[in-house]
Amino acid sequence: MVRLPYFSALTTLFSYGLLFAFGQLRDFFRKILDWFKSKDLHGYAPICLGLEDFYTRRLYLRIQDCFNRPIASAPDSWIDVVERYSKDNNKTLHRTSKISKCLNLGSYNYLGFAAADEYCTPQVIESLKKYSPSTCSSRVDGGTTKLHVELEEVVARFVRKPAAIVLGMGYATNSAIIPVLMGKGCLIISDSLNHNSIVNGARGSGAAHLEEVLREQIADGQPRTHRPWKKIIVIVEGIYSMEGELCKLPEIIAVCKKYKAYTYLDEAHSIGAIGKSGRGVCELLGVDTADVDIMMGTFTKSFGSCGGYIAASKEIIQHLRNTCPAHFYATSMSPPAVQQVISAIKVVLGEDGSNRGAQKLSQIRENSNFFRSELSKMGFEVLGDNDSPVMPIMLYNPAKIPAFSRECLRCNVAVVTVAFPATPLLLARARICISASHTREDLIKALEVLSKVGDLVGIKYFPVEPQKDLADETQKKVE
Amino acid sequence: MASGVMNVTTAALDWLSAAFDAPLARAVVFGVHIDGHLVVEVLLIAVILFQLSRKSYKPPKKPLTEKEIDNLCEEWVPEPLCPPITKQIEAEAPILESAAGPHTVVDGKEVVNFASANYLGLVGHEKIVDSCIGSLEKYGVGACGPRGFYGTIDVHLDCEKKISNFLGTPDSVLYSYGMSTIFSVIPAFCKKGDIIVADEGVHWGVQNGLYLSRSTVVYFKHNDMASLESTLEKLTRGNKRAEKLRRYIVVESVYQNSGQVAPLDQIVRLKEKYHFRVILDESHSFGVLGKSGRGLAEHYGVPIEKIDIITAGMGNALATDGGFCTGSVRVVDHQRLSSSGYVFSASLPPFLASAAITAVDYLHENPSILETLKNNINILRKGLADVPGLEVTSSSLSPIVFLKLKKSKGSQNSDLQLLEKIVNRVLHEDSVFLVLSKRSALDKCRLPVGIRLFVSAGHSESDILKACESLKRVAALEIA
């Protein structure tokens, strides 16, 4: 967990306080000015209520050039960022035809399948010609092609579960599956850092705390009626996308087994990216997949496609096929995107007849660990665990968000800065996602730029130790 | 005897009052003569006050001991994660072996496909495939990130512009999944306390959106304007508070669940009368209705800006995937930060956005395709008019032709079984691929089930007649 330094907390609060005060002041004058304008909205409540919208109008719009930056290329290791300009103090942004080639530290392109690939792309184009981009039908009607069936088999085999079901959107995979499995009288225990697509729930990032929560809930039962819960499911993520941390899966599984709770593992960021053969957090931490009841993951990240899957026992998958609304009503996943996943998994498993998959996996591991250790050495406050390709750098102060992002872009490095609502208000951060397609030179350049910008913006919250040591040693030698 | 007792009591009382009075017999405090009963009263008051000041009795609360919790945990038996599958495992959906065009291959046999909402016949269209290939080579397949984090590719912006230019709206926003469009849009604008009036026949995506918004939802009778008006009247009459709340009417232009078309002109009249905003799902009318395919508003000649929020999935007429929402700049910008399906989901694969651009262009250049579609709908409706035991209940405008049993078998399940038999026979004996209006157990829609035929401009007249003949033959055998 992040431990917010006292001084940073104070300055951050002060900054937000100042922004809030000035925002309110501007709102006040805006109200007076609007008073004179005609009221054509008479009888309607405003579509965006004042306070709901306040954050957008007064804070976000000022720095909106740091987000939603359009690119004009594949989200590979180098991207063409389209330059934008604004004539009205960032309220609206206009695209220009100018582009700047930047190093991409933002996309979830963990295995480097984002760009055209020598093995995957020809197969994808082949399926596109055969199946066209869409089936215009849902899976239960006429939206199941041979490719969908093949992908479900391939995924089940890849994650080592008996069966799998594939949906067209990763986000909807969570939001459409959880209500099918859990109804009234069922308890969902969710990590407080889980992604928005998973319902926010109890805070339980540690297994010890999870045990406490489970004991209490089983003993107390449902609120008010005190009937026992029908079932309890614990939802965790393999890699927390905003923290870069790995979940403590073996401990969590042990606790869940002890208390007969079900486990739901969301591997949106970890599948394909970690583990010796890319099978995700279970493989990395040595957990038998039979112990995880439901394994969910997406194809948007490591496999460079779209959609998501649920892998579980045959009965559960059959139940989902009979009830999941996304399976019934949503247009099935686009066939070329399905093919991309099949081909990418084949590469990862080495079934394409080369060792590119293994190379990619060792490359991302090497890259991540090198980059993480270098960043820590420089004195950045980096979150997350080793082997995780996601590494957030803490920024805290609201003014540092645009400063960091703009300065990096000026040096042709595209980084992602994350602020509220994706993180708590005080814990703004920059997030770096390392890819297997980054070369060592790319990473060294990125580190140089980050270090320079880090000094400028003042986000090296920790002392720079190891390099000093080196300098001391050399001095001693000289003496 | 009695008088003896009386005597004793009076003597005792006398003695008692004398005993009380004795020390205070002549005590006068501030001019008040203090005698015995005053002392008793004061004592009484003191006792009452003492009792009042005490806490009421509560049994001592002991928290569960560790051991008790251990026992509870051991005793607790959870339900299985999914109910046992008792139902005969439903026949798996047919597996397609080629593109889902007007003709497709199922089980190695070529069939006429009425299962895909490929209204304009754009599945497998050369131009669209070409634009996709160009896009795939340039951008790869996925966008590898949400829109906020370098997942915005220039084709997304071009596609948004293309759609708003086509519809004549100020701005629009792309979603990566058709169904998630509506269930992200509704909660972005409707919060707890707001009022939503919705049609009872809306599809699951809308239902989910209404549920997620936590607003007060009131349903009106399916496509019944009188019911809508009375609902609106009830909600607003004399309700001063309602004026301060955001109020929405949520309707579909062509209802997936019934093939009915919403009378937009009346809805707009009611909306203006009662000051409601309209959220319209145009998934099955965008690219289908209106003279140039601009949807329901064009069909009714309603200015597009009268409809506050329009959403549509692109997995139908445009033959791609994903969805969009369009409206005023304010409506669109609000979603870019507050709509969960937009903010938290990876963006639409760029080749699907290219396909959408090409499809809109194609429609723009070839409006005659809409005439073909209309013609096909008419031929099919005419052909199905005398199918024994079944009746067409969809609107004559709708590209979804909905066939309902004239006489229900009693329950939805038995209806479905009968219809399923018909559909299976039609597929296996006559190679015509039809689908049922299957519903998930989570779906709250209670409209009657039926057979759905998605008409395409790509169907030839003989395809359609074949379907009609086959249905007539099989229905006569199965229902009669």
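Predicted model: local features only at pLDDT ≥ 70, side-chain atom pairs only at ≥ 80, totals over all residues.
Colleague: Which residue of β12(A) is the bridge partner of T417(A)?

Modeller: Residues are numbered from 1 along each chain as written, chains are lettered from A in the order written, and side-chain values use heavy atoms, leaving out hydrogens and water. β11(A) pairs with β12 (residues 428–433) in the antiparallel sense over 3 bridges; strands are DSSP runs of E, at least two residues, numbered from the N terminus, and two of them pair if DSSP finds at least two bridges. Within β12(A), T417(A) has as its bridge partner A430(A).

Colleague: Nice! Why is one side of β9 and of β11 of chain A left without a neighbour in the sheet?

Modeller: The sheet is open and antiparallel, in the order β9-β12-β11 (chain A). β9 (390–396) and β11 (416–418) stand at the edges, so the reason is that each has a single partner strand.

Colleague: How much area is buried between chain A and chain B?

Modeller: The contact (heavy atoms within 4.5 Å) takes 108 residues from chain A and 105 residues from chain B. Buried area is the accessible area (1.4 Å probe) lost on putting two parts together, summed over both. Carbon and sulfur atoms give 64% of the total, which is about 9100 Å².

Colleague: And which residue of chain A forms a salt bridge with D158(B)?

Modeller: Between the chains the count is 4 salt bridges, each a side-chain nitrogen of Lys or Arg within 4 Å of a carboxyl oxygen of Asp or Glu. For D158(B), the closest N and O atoms are 2.9 Å apart, and the partner is R95(A).

Terms used: Helix = DSSP H or I, 4+ residues; strand = E, 2+ residues; numbered from the N terminus.
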